[in-house]
Amino acid sequence: MDKIPNGSNRLPDTPQPVKNPIIKGKLGSKQVAPTDSKSHLEKKHVHSDGQSLNNRQITPDNLQMMVELGKEKLWSDLASAITGNSTSLDNLISTLNILQNNGVELPPEIQAEAGRHFIKLTVSSVVPILHSDLPAPPLDALGVLEVIAQQHHNHDSMIGSLARMKVEEFFNQCQLKDVDREDLVQEMSAKIFSLTSTEMKKFEDSIQTTVEDKKTIEKITQSQNERRIEAKILQESVKP
């Protein structure tokens with residue numbers, strides 16, 4: 001996978017939007033509103049199980065337990081406690097800040113684990129929003145998803161700018177000095193792309209069983225083959 005341009009640790013204060021409101025894909029041109037990743041913040045984030053992420057709270061006892069684990073340097077137990085109790089982004093950010101305020105300096109491996117958990121929570125909240133309000137005809141829905149997935153690895157793509165904005169927000173709220181921001185951006189972009197590809201596959205399978213137009217079927221097959229290659233590249237390039 002190509003590196004996202006401007007690959008330094010310093011991220012831009014304001015993500016760059018997609019410039020062209022009309023994007024051409026294999027299934028034709030699609031009229032889309034100019035991308036503004038901040039618009040996703042205006043919608044209520046809902047976890048895949050339907051519960052509002054902001055409604056879950058970590059109890060004071062759990063927080064105190066994690067502080068004690070950190071002071072005793074029981075890092076493996078602390079990592080499990082952070083990921084097990086931080087079921088929302090708010091929880092995770094609050095936990096990391098409380099640990100820091102109590103003098104607990106997380107080693108690099110625990111910071112990396114917190115970064116991976118941040119990606120998991122973020123992806124579970126933004127993907128349903130990205131995929132919401134798809135048009136009813138399967139071919140039109142597939143066109144919208146194609147626009148979302150297009151050039152996801154680029155800095156100013158829809159996925160790339162959204163991932164960059166989310167990572168920047170996270171680092172503004174938590175000081176994880178030993179975590180590479182660019183690695184998080186690329187990993188989040190890859191995961192969002194992967195889930196979008198899975199959704200696209202559902203529509204492609206539906207279309208192939210109902211559409212007789214050979215050119216449309218050929219375009220879908222070509223798109224699937226290219227995404228398989230892209231997925232393999234992503235799997236090899238994203239750090240474990």
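Figure 1. Of the contacts (heavy atoms within 4.5 Å) with a separation of 6 or more, 72% join residues 24 or more positions apart. The protein contains 8 helices and 2 strands, where helices (H or I, at least four residues) and strands (E, at least two) are DSSP runs numbered from the N terminus. Their order from the N terminus is β-β-α-α-α-α-α-α-α-α. Of the 240 residues, 44% are buried; buried means under 20% relative accessible area, exposed over 50% and partly exposed in between, with a 1.4 Å probe and protein chains only. The accessible surface comes to about 12,900 Å², with 49% of it belonging to carbon and sulfur atoms; areas were computed by the Shrake-Rupley method with a 1.4 Å probe, and for residues only the protein chains shown count as cover. The model is predicted, so that local features need pLDDT of at least 70 and side-chain atom pairs count only at pLDDT 80 or more, whereas totals for chains, interfaces and linings use all residues. Residues are numbered from 1 along each chain as its sequence is written, and side-chain values use heavy atoms, with hydrogens and water left out.

**Figure 2. Packing of helix α1 against helix α3.** The axes of α1 (residues 60-71) and α3 (residues 89-101) come within 10 Å and cross at roughly 50 degrees; axes are lines fitted to C-alpha atoms, for helices over the stretch in contact, and angles run from 0 to 180 degrees between N-to-C directions. The two helices are therefore oblique to each other, given that angles under 35 degrees count as roughly parallel, over 145 as roughly antiparallel, 65 to 115 as roughly perpendicular and the rest as oblique. The crossing of α1 with α3 is right-handed, meaning that the near helix is turned clockwise from the far one by less than a right angle. L63, M66 and V67 of α1 make the contact with T95, I98 and L99 of α3. These residues comprise 5 nonpolar, 1 polar and no charged; Ala, Val, Leu, Ile, Met, Phe, Trp, Tyr, Cys and Pro count as nonpolar, Asp, Glu, Lys and Arg as charged, and the others, Gly among them, as polar.

Figure 3. Helix α2 (residues 75-85) packs with α3 at an angle of about 145 degrees, their axes being 9 Å apart. L78, I82 and N85 of α2 meet N91, L92, T95 and L99 of α3, a contact with 4 nonpolar, 3 polar and no charged residues. The axes of α2 and α4 come within 10 Å and cross at roughly 15 degrees; these helices are therefore roughly parallel. In the α2 and α4 contact, W75, A79, I82 and T83 of α2 meet I110, E113 and H117 of α4.

Figure 4. E204 lies in α7 (residues 181-208) and counts as buried because its relative accessibility is 1%. Apart from neighbours within four places in sequence, E204 contacts L142, I220, S223, Q224 and R227.

Figure 5. D133, which is not a glycine, has a phi of about 60 degrees. This residue is found in the loop between α4 (108-130) and α5 (138-149) and, at 70% relative accessibility, counts as exposed. Q151 has a positive phi near 50 degrees and lies in the loop between α5 and α6 (158-173).
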